[in-house]
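Subject: Structure for your files

Hello,

Here is the structure I said I would pass on. My notes on it follow below.

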Number of protein chains: 2
Amino acid sequence: MAVTIKDVADAAGVSVATVTRALSQPDKVRPATRERVRAVASDLGYHPNRAARGLITGRTGNLGLIVPDLANPFFPGIVKGVQARAHEADHAVFLADTDENPAAEAGLVRRLAKQVDGVVLCSPRMPETELRALAAEIPMVLVYRRIPGAPSVTAGFLDGMRQAVSHLVALGHRRIAYVAGPRTSWANRERVRSLRGVTRSSAFSRSSASAGIGRPMNEGAFPGIGRPTNEGTSPRIGRPTSEGVSVDVGVSTTGGARDEVAEIELIEMGSVMPQFEGGVAAADRILATRATAVIAYNDLVALGLLHRFAARGIAVPEDISVLGFDDIPLGAMVHPALTTVALPKGPAGRAAVDLLLTPQMVNQQLPTQLIVRASTGPAGG
Amino acid sequence: MAVTIKDVADAAGVSVATVTRALSQPDKVRPATRERVRAVASDLGYHPNRAARGLITGRTGNLGLIVPDLANPFFPGIVKGVQARAHEADHAVFLADTDENPAAEAGLVRRLAKQVDGVVLCSPRMPETELRALAAEIPMVLVYRRIPGAPSVTAGFLDGMRQAVSHLVALGHRRIAYVAGPRTSWANRERVRSLRGVTRSSAFSRSSASAGIGRPMNEGAFPGIGRPTNEGTSPRIGRPTSEGVSVDVGVSTTGGARDEVAEIELIEMGSVMPQFEGGVAAADRILATRATAVIAYNDLVALGLLHRFAARGIAVPEDISVLGFDDIPLGAMVHPALTTVALPKGPAGRAAVDLLLTPQMVNQQLPTQLIVRASTGPAGG
DNA sequence: AATGGCGCTGAAAACCTTTACATCCATGCT
DNA sequence: AGCATGGATGTAAAGGTTTTCAGCGCCATT
């Protein structure tokens with residue numbers, strides 16, 4: 001059937017041990033013999049049987065990759081990165097899709113675990129405790145999620161958010177809404193945190209040449225909601241506790257303004273599904289807040305906003321500016337093209353594989369980049 | 001380390017042979033023993049080592065899946081279908097992406113071949129001779145490509161095209177352009193063939209309540225090109241032979257019209273890359289043909305057309321109707337939402353796996369479905 | 001000249017499972 | 001009662017590789 005190591009050994013007139021050494025530990029065999037063996041091997045088209053090798057070495061040369069939803073255009077980029085790097089390292093990759101079902105994740109990982117040397121887990125939705133247990137069981141690296149006890153690769157959300165807000169502020173926007181993603185999403189929590197950080201940080205104040213600190217939101221628009229409590233590091237006043245229903249809530253971020261040239265009013269919308277439909281559903285509520293700019297949890301949601309705005313005859317960016325996150329290919333295809341904070345995808349995948357191949361308990365943070373296209377423009381344009 | 005079959009055997013007080021039989025050939029062992037063994041096995045959390053099993057049985061329980069470009073939103077749907085069915089059958093799937101490089105396909109297949117029981121090859125771009133050789137080497141099923149000698153699953157392009165043209169004709173369109181995909185694409189060839197078939201078939205004539213046969217195209221628009229040769233079954237007059245440069249060419253399909261109520265003038269555009277950019281690039285040329293409707297090779301190209309039309313202030317569908325192929329999710333997100341011929345994706349993937357698991361040399365043809373959305377409207381609207 | 005050491009190679013064990021074959025026992029038949 | 005039959009279980013080989021250990025020849029050292 002297939003050519004085995006014995007065939008090569010016989011043809012080369014050596015033992016199987018010499019063949020395996022000639023191929024995998026070149027320095028342990030005399031150059032003349034080595035070359036002869038190698039010539040014969042490639043001549044016969046010999047490739048080691050990976051199952052047999054795995055049996056003895058305990059390693060498979062395979063990687064597992066788990067994503068929440070391949071249909072979400074954010075993930076294919078990561079998958080391609082993982083694949084490219086894995087192939088370079090002569091590893092094949094198993095792909096599994098959890099269909100956005102957090103309960104399926106752990107099972108899938110454990111199932112794959114026996115056939116791979118490690119798995120990269122993309123944006124896992126499962127609770128942290130469970131995740132940590134899993135990380136202790138088998139080698140794995142997280143992408144776009146960070147927990148203690150597992151290596152991970154993420155991106156500079158804070159910096160990305162800073163670029164985004166800077167951009168909007170520079171265009172004159174002072175009333176900015178944020179459409180939140182799922183509560184269970186680590187990325188969403190990070191974005192919210194970044195957003196709050198940015199609107200308080202002095203770095204931002206400098207970069208935008210203006211202080212970015214709020215005041216109680218427009219009382220007329222939301223009477224009775226959004227009472228400011230000017231204390232604590234995390235001014236999460238009036239944040240809706242029930243999820244899904246998502247009452248619109250105005251949140252004023254307070255802090256020591258360096259100067260009062262500009263004030264940003266931050267409006268957090270309740271969470272939506274991180275998909276197109278979520279954006280469509282949120283669009284009208286956004287309009288009701290009279291925000292002049294909106295930052296969406298991700299591009300898909302932003303696209304939903306764009307769609308609904310177009311349907312209602314709201315001009316983007318003249319009437320309202322829209323900014324997304326991720327930089328999925330579609331963003332450049334729609335009209336107007338979407339301004340977005342680009343998150344590394346291919347590089348993230350590659351980095352994850354590197355971390356798997358040469359294990360080290362680190363969090364690798366990749367850069368983000370604001371991409372200005374047509375969906376953002378001057379306030380009150 | 002991991003629990004082996006021997007551990008189970010010892011714990012259950014039987015031999016390893018009995019354990020393996022109890023688990024995989026239940027009827028070959030006494031019920032009492034069988035249950036005892038099974039209890040112990042699940043107690044210890046025993047799972048057979050797949051490498052060892054593969055070594056002896058020659059089968060791996062794995063499938064390979066190769067797609068041209070995961071970033072093309074058409075493919076994730078297929079991938080998900082393959083995965084779902086494979087998991088049901090307790091198979092894991094290796095995914096590989098060729099990055100639209102036809103030369104990489106064969107190598108990838110051969111590489112995967114040794115680790116899988118079979119591979120499903122999605123829209124392969126490689127030449128048929130090479131493909132046939134490959135099919136002889138290892139079990140594989142083709143998706144969206146059909147050759148003699150390999151099982152495949154495709155879709156009813158002819159029927160889909162008939163629905164599409166019927167729809168446009170019913171809306172009053174008589175001058176329809178087709179933007180072709182890559183010459184190497186089987187799907188493109190099929191679509192062209194279907195298009196020609198439809199505009200000639202009496203079935204279509206009936207379904208559209210009008211005959212659909214052309215005449216030489218407008219001389220003014222394309223002086224000197226498109227000379228009609230009214231012979232042969234395949235009237236491919238003036239088809240550009242150089243690929244890529246793609247001179248616009250008018251092709252008139254001739255044939256015996258049943259009645260002269262309606263005539264369709266078919267305009268074939270040179271091939272473009274099957275991506276967004278291809279559509280953008282083709283848009284202006286389409287306009288120059290003064291076609292009232294355009295059928296794009298696929299949705300991505302259609303989206304490119306839409307994009308460029310929007311930029312030029314051409315209203316869709318008022319000024320021109322646009323119809324795509326595939327039904328990718330984005331199609332529903334853009335404005336106006338894209339009318340398209342939906343091709344089965346998940347079902348195609350599932351069918352492919354079935355064909356791999358229970359080999360049979362057939363071509364399975366899945367149904368297509370026209371999805372009318374907002375990008376098509378009455379001619380001369 | 002003998003010994004130690006070193007570089008190179010070969011023999012064989014080990015990895016874990018499946019399966020062909022052997023063994024054993026009980027049952028039923030003659 | 002003895003033997004054939006057949007069902008249940010055990011034994012051992014096989015599958016292809018890596019790795020440990022031993023062996024062999026040769027050079028350098030004493």
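pLDDT is the predictor's confidence in each residue, on a scale from 0 to 100. Chain A averages a pLDDT of 83, and 83% of the residues score at least 70. Over residues 201-262 of chain A, pLDDT stays under 50; for that stretch the model has 109 contacts beyond four places in sequence, a contact meaning heavy atoms within 4.5 Å. Where pLDDT is low, the predicted coordinates should not be read in detail.

On conventions: this is a predicted model, in which local features need pLDDT of at least 70 and side-chain atom pairs count only at pLDDT 80 or more, while totals for chains, interfaces and linings use all residues. Residues are numbered from 1 along each chain as its sequence is written, chains are lettered from A and ligands numbered from 1 in the order in which they are written, and side-chain values use heavy atoms, with hydrogens and water left out.

DNA strand C

There are 25 residues around DNA strand C, and A:Thr18, A:Val29, A:Thr33, B:Ile5 and B:Thr20 come nearest (a residue is near a strand if one of its heavy atoms lies within 4 Å of it). Of the atoms of DNA strand C that come within 4 Å of the protein, sugar and phosphate account for 66%.

A polar side-chain atom of A:Thr18 lies 2.7 Å from one, and an N or O atom in the side chain of B:Thr20 is 2.3 Å from one. Helix 2 (16-24) and helix 4 of chain A, with helix 2 (16-24) and helix 4 (50-57) of chain B, each give two or more residues to the surface near DNA strand C. Helix 4 of chain B gives the most, with four residues. Helices here are DSSP runs (H or I, at least four residues), numbered from the N terminus.

Helix 4 of chain A

A:Asn49 caps the N-terminal end of helix 4 (residues 50-57) of chain A, with a side-chain oxygen 2.7 Å from the backbone nitrogen of A:Ala51. After the helix comes A:Gly58, whose phi is positive, near 85°.

Helices 6 and 7 of chain B

Helix 6 (residues 102-113) and helix 7 (residues 128-137) of chain B pack at an angle of about 0°, with their axes 11 Å apart. The two are therefore roughly parallel to each other (angles under 35 degrees count as such; axes are lines fitted to C-alpha atoms over the stretch in contact, and angles run from 0 to 180 degrees between N-to-C directions).

Regards

How values were computed
Angles under 35 degrees count as roughly parallel, over 145 as roughly antiparallel, 65 to 115 as roughly perpendicular and the rest as oblique. A polar contact is a pair of N or O atoms within 3.5 Å; within protein, one must be able to donate a hydrogen and the other to accept it, and residues adjacent in sequence count only if both atoms are side-chain atoms.
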